[in-house]
Amino acid sequence: KLVTGVQTCALPICNQLRAAVDGYGVYSTLAPHRLRDPKVVSAADLAAHAVAPGSLITVLGATVDAVRVNGVSAPVLATSATESQIQIPYGVRGGSVSFDAARKLPSLPLSETAPVIFVARDGSPMLMDAETGIMLDAMNPARPGMRVQILATGLGQVAPAWPAGTAAPLENPPRTEAIVRAFLDRSPVSVARAVLAPGFSGFYLVEIEIPRIANYGPAELFLEAGGTASKPVRVYIEP
């Protein structure tokens, strides 16, 4: 195996070490310095964000077996030697969250909503054709009239109430209390539903319909929940 390129850095904001291996592809792992300095990030994109009740977060560089968030016991969904997955309880209140765990973790701002669209480790957004379940990308673009499902976190409280750490039901999943809007190149698009993703914990599913547009090709897509916008992701659209 020939390593043709390595990308890393020593700055505190750097979370991943990436290597391009000739004939095999691009691989990533936790940057070694994170084992000395745990960081709390969104599980959706491994970047630091504010969180909301129900948000799914990742602790990079630490094993977390039990944790309380603002005094409320929080479900630990998965843990390993290098990272742990935690869901913020829906009952958490306040302007920030602090973590009571065996290892000291940094606090985070808390908002009613803090939307983040899930992206894969290569940076591609987790968008699916609602009819087939096929992931959309440059090779499988979206088309006008197609219903697209967006996986996100941080959309806040749901109704009826649902316990954190429990997979959402496959039928009639709880819907978001906050109004969720979607924008394609900053123009609003129709949102068919915004619910907890069936069968998952900490994931929300937002379904939109792709409109007819004048300029096809790559476009920016972002969500807004309760007036708070997510970072945009790229979606490819063909006629």
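Mentor: The model is a predicted one, in which local features need pLDDT of at least 70 and side-chain atom pairs count only at pLDDT 80 or more, while totals for chains, interfaces and linings use all residues. Residues are numbered from 1 along each chain as its sequence is written, and side-chain values use heavy atoms, with hydrogens and water left out.

Trainee: Why does leucine 46 count as buried?

Mentor: The relative accessibility of leucine 46 is 13%, and buried means under 20% relative accessible area, exposed over 50% and partly exposed in between, with a 1.4 Å probe and protein chains only. Leucine 46 therefore falls in the buried class.

Trainee: What is the phi of leucine 46, given that it is not a glycine?

Mentor: Leucine 46 has a positive phi of about 55 degrees. Another residue that is not a glycine, asparagine 172, has a positive phi of about 50 degrees, and asparagine 172 sits in the loop between E16 and E17.

Trainee: Is asparagine 172 buried or exposed?

Mentor: Asparagine 172 has a relative accessibility of 71% and therefore counts as exposed.

Trainee: The loop between E16 and E17 also holds proline 160. How do you know the form of the peptide bond from alanine 159 to proline 160?

Mentor: The omega of the bond from alanine 159 to proline 160 is near -5 degrees, and this bond is cis. As to its place, proline 160 lies between strand E16, residues 158-159, and strand E17, residues 175-176.

Trainee: Why is lysine 231 called exposed?

Mentor: Its relative accessible area is 55%, so lysine 231 is placed in the exposed class. Lysine 231 is found in the loop that runs between strand E23 (228-229) and strand E24 (233-237).

Trainee: Which residues is lysine 231 in contact with, once its neighbours within four places in sequence are left aside?

Mentor: The partners of lysine 231 are His49, Ile117, Leu221 and Phe222, where contact means heavy atoms within 4.5 Å.

Trainee: What makes E4 and E8 edge strands?

Mentor: They are part of an open sheet of four strands, whose order is E4-E5-E9-E8 with antiparallel pairing. E4 and strand E8 (76-79) each pair on one side only, and these two are the edge strands of the sheet.

Trainee: How do you know that E8 and strand E9 are joined?

Mentor: Three bridges join E8 to E9, residues 83-87, and the two strands run antiparallel; because two strands pair if DSSP finds at least two bridges between them, E8 and E9 meet the requirement. Across this pairing, threonine 79 faces serine 84 of E9.

Trainee: How many bridges join strand E15 to E21, and over how many do strand E20 and E21 pair?

Mentor: Six bridges join E15 (residues 147-153) to E21, and these strands run antiparallel. E20 (residues 191-196) pairs with E21 over five bridges, again in the antiparallel sense. To find these pairings in the structure, one may begin with alanine 152, whose bridge partner in E21 is tyrosine 204, and then turn to arginine 193, which stands opposite glutamate 207 in E21.
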